[in-house]
Amino acid sequence: MNIDKLEIDKFTQRTQGMYRRLTDLYENLNTMPIMPDVLPQALVELGSASEIVSLATDELHQQNEELIQTRTLLEAERQRYQDLFEFAPDAYLVTDTLGIIREANYMTATLLKMSHQYLVGKPIVNFVALPDRATFRSYLSQICGCTKVKELVVRIQKRDGELLDAAMTVGVIRNQQGKPIALRWLIRDITERKQVELALSKNDRDLTQDRLWHKYCKGESISLNLTTLWYVCQGCVKLTTVCETGEEVMVGLAAEGMVFGSTLTMLHTYQATALSEVELVSIDLAEIAASPSLSHSLLPKINQRLRQTEFFLVIAGRRRVQDRFQQLLLLLKQEIGEPVAEGIRLSVRFTHEELASACCTTRVTITRLMGKLQQQGQIYFDSKHHIILKD
């Protein structure tokens, strides 16, 4: 039996009617003779009401047990999510839209070296190093207008004064009307990552130190030989070959911080052309072989070229030209993309012919595909005709 509102209303009406009749019967008991059929009818109604009350009581007991089970499950689920929050491997906290901390997990207190009770109610900006606070406040004022998760790298100051590099990932919590009501913060200690980046930067300086810089203008061919590698200090170089039909095919890009050279390929025809103003240094292979530290510095850069080459193979393997072009744009976004307000801007301007050679198609097809993507709002062009990919 399921007791719904309609049945409850009917039962209430019957009970009220029975109560009125019983009241009248009781009040007139000493003044009026009892009709032969009144008392039996009242007893029947009492019996019917008693049966309904009994069934309702059983149903309420059953519903109460179900509610207890549901509450137990909800409590277990709530505890599970609370544990996920409290014992997450990274610092996780919730603030209001002004940055006042409402909740903070165990790792946040550990990271900042202070008690959990001290964190709640404090502005999150209090834990940002003084030189970074102006940037952080500006960032905080813009977060609520963002529809995507944002990341900011700042220095965090612990309670003992120690500084650490941290990556803050922030998401906006909105109510049903879409109004921002709170912020979720994920904070990661990236001090080790920063140290690695500094070490790599130092290695790059070592690669260019005391070496002659070679400058090439856009469109110039770069000489290649089997005894040296080129390291790109600035700009971007297009690497191509020539197929049987005599058409040029792009097989790689060497952007800033990358290496290229004829010793890294088995192609008989291999050309390098500056896509922009380019500055290079040459590194002799004999020097690399004699210097373990130099070899160690160059290995990640050679690996980067290897990964890029495999990506070009994937592009060539796509049957549809549209898929090849979209994969090429994804590669360019990764290799030479730079964030701008509208999305990701390709730092090098490509001709339709160059894009066509990378996709093994015609310039006319690339022009048509770019027009289609532009109509769909997936790509834009800046004032210098650089492609901007929607982020």
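The model described here is predicted. The buried residues of H5, which spans residues 133-143, are Arg133, Phe136, Tyr139, Leu140 and Ile143. These residues lie on the same side of H5 because they cover an arc of only 120° around the axis.

Four strands build an open sheet with antiparallel pairing, in the order E7-E12-E9-E10. Strands E7 (221-222) and E10 (248-254) are at the edges with a single partner strand each, so one side of each has no neighbour in the sheet. Helix H8 (residues 292-317) packs on the sheet and touches E9 and E10. The direction of H8 makes about 145° with that of E10. Within the sheet, strand E9 (residues 237-242) and strand E12 (residues 271-274) run antiparallel and are joined by 4 bridges. Val237 stands opposite Ala274 in E12.

The model has 2 aromatic pairs. Tyr216 belongs to strand E6 (residues 213-216) and Trp230 to strand E8 (residues 228-234), so the pair ties together parts that are 14 residues apart in sequence. The table gives the accessibility of both residues.

| Residue | Relative accessible area | State |
|---|---|---|
| Tyr216 | 13% | buried |
| Trp230 | 6% | buried |

Another ring has a charge over it: the charged end of Lys122 sits over the ring of Tyr118, 4.4 Å from its centre.

Definitions and conventions
Residues numbered from 1 in each chain as written. Predicted model: local features only at pLDDT ≥ 70, side-chain atom pairs only at ≥ 80, totals over all residues. Heavy atoms only, no water. Buried < 20%, exposed > 50% of the residue type's maximum accessible area, 1.4 Å probe, protein only. Helix = DSSP H or I, 4+ residues; strand = E, 2+ residues; numbered from the N terminus. Arc of directions from axis to C-beta. Phe/Tyr/Trp six-rings, centres within 6.5 Å; stacked < 30°, edge-to-face > 60°. Lys NZ or Arg CZ within 6 Å of the ring centre and 35° of its normal. Pairing = 2+ DSSP bridges. Contact = heavy atoms within 4.5 Å. Axes fitted to C-alpha atoms, helices over the stretch in contact; angles between N-to-C directions.
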